[in-house]
Amino acid sequence: MTVPTVPTALDPAGRDLHAENDRLRAHGAAALLELPGGIRAWAPTRYAVLKDLLADDRVSKDPNQHWPAWIEGEVGESWLHTWVGVTNMFTAYGADHRRLRKLVSPAFTKRRTDALRPRIVQITGTLLDAMAGTPDGRADLRTAFAHPLPMQVICELFGLPEEHRADSARLIAGIFDTTVTPEQATAIWQEVNQLLADLVAAKRETPADDLTSVLIATRDEEGSGLTERELIDTLLLVLGAGHETTVNLIGNATHALLTHPEQLARVRSGEIPWTEVIEETLRWAPSIANLPLRYAVEDIELSDGTLIPRGDAILASYASAGRDPLRHGPDAGDFDLTRTDKEHLAFGYGVHHCVGAPLARMEAAIALPALFDRFPGLALEDGATHIESFIAHGYATLPVRLG
């Protein structure tokens, strides 16, 4: 059994995620990392290893039970607090996870998701109309289209008023920014809690036909078992995860197609379906590159003899898994819509598989063909920038010429 003692420092800004992952694969089945703030965690570098760990009962997401560094106060205020210091299904284990997931899952059933389709089509058309009206024929695709579409959908679903959406988007972007200082992280945490507490208070006083009001009604039922803290943290989870992943999926897919024009032509001709674009994008450039954190409930020995000791943290490395040559061959780093095996872990796996995955896929399946049908001459402009994060994987700005 091998237990490395010297961790590799991860770039907080995620400036070259894929090259970094290529280097980490040389460490074996999992690499020992130092995350910002001096936090040590294991990153599974192989698809098969990560998939096994995501479904392993010996791996927990509850830091209060299974992460000694958190329990003993060794982890200070930092970017990590909004990922670890919350109480919702994201950080729950076992029966608690099943209880909390059961509250949210009805919001994302196939019936509810399908019912949203007409509204998503309408929002998509409105945003494309606005883009077409730009006087110089240029736009930032993220600002004008990729972000407002899923943001509006999830805010309408959960009843977040229009006047609070800009603040919500800003705060969620701050949560994904892994370069923030401890002071900035604390300020973000306090502000997002106040925003959601105010939302709960408003909906409790004046319930509406939205899922926040449904959660509040559940919380207020005698014997529901849902605490006020769990209610607020669940809202944070669904509002954040409910749009950021789709924003990056739309942006990453658009950029990939525009930089692979021969493949785009085959999609637009109907030879390759849009579903293939979505799945290859999720494999090649997943919206979440690395997701914190999980914890070893007991010592876990991996296939190559690497030992993850009990109580150590684990970082789910989706971007590394998606380009693992052992799974996808020597051309794993190529964007290839004709690839037979596009299997990925971009939405997780096992009991923590993302409940909103069908909604994200549907939004992208509506948005992408509509975008390229409306602007067949769409082209990239100079100046695209990446999100400064090793968690979120996408474009902070994506300038395009509409053609």
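At what angle do the axes of helix α11 and helix α12 cross? In this predicted model, local features need pLDDT of at least 70 and side-chain atom pairs count only at pLDDT 80 or more, while totals for chains, interfaces and linings use all residues. Residues are numbered from 1 along each chain as its sequence is written, and side-chain values use heavy atoms, leaving out hydrogens and water.

The axes of α11 (residues 162–176) and α12 (residues 182–205) cross at roughly 145° and come within 10 Å. Here, helices (H or I, at least four residues) and strands (E, at least two) are DSSP runs numbered from the N terminus, and axes are lines fitted to C-alpha atoms, for helices over the stretch in contact, with angles from 0 to 180 degrees between N-to-C directions. Contact means heavy atoms within 4.5 Å. On the α11 side, the residues that meet α12 include His164, Asp167 and Arg170; their partners in α12 are Ile188, Glu191, Val192 and Leu195.

Elsewhere, three strands form an open antiparallel sheet in the order β5-β13-β10, where pairing requires at least two DSSP bridges between two strands. Three bridges join β5 to β13 (residues 399–401), and Arg138 has Arg401 in β13 as its bridge partner.
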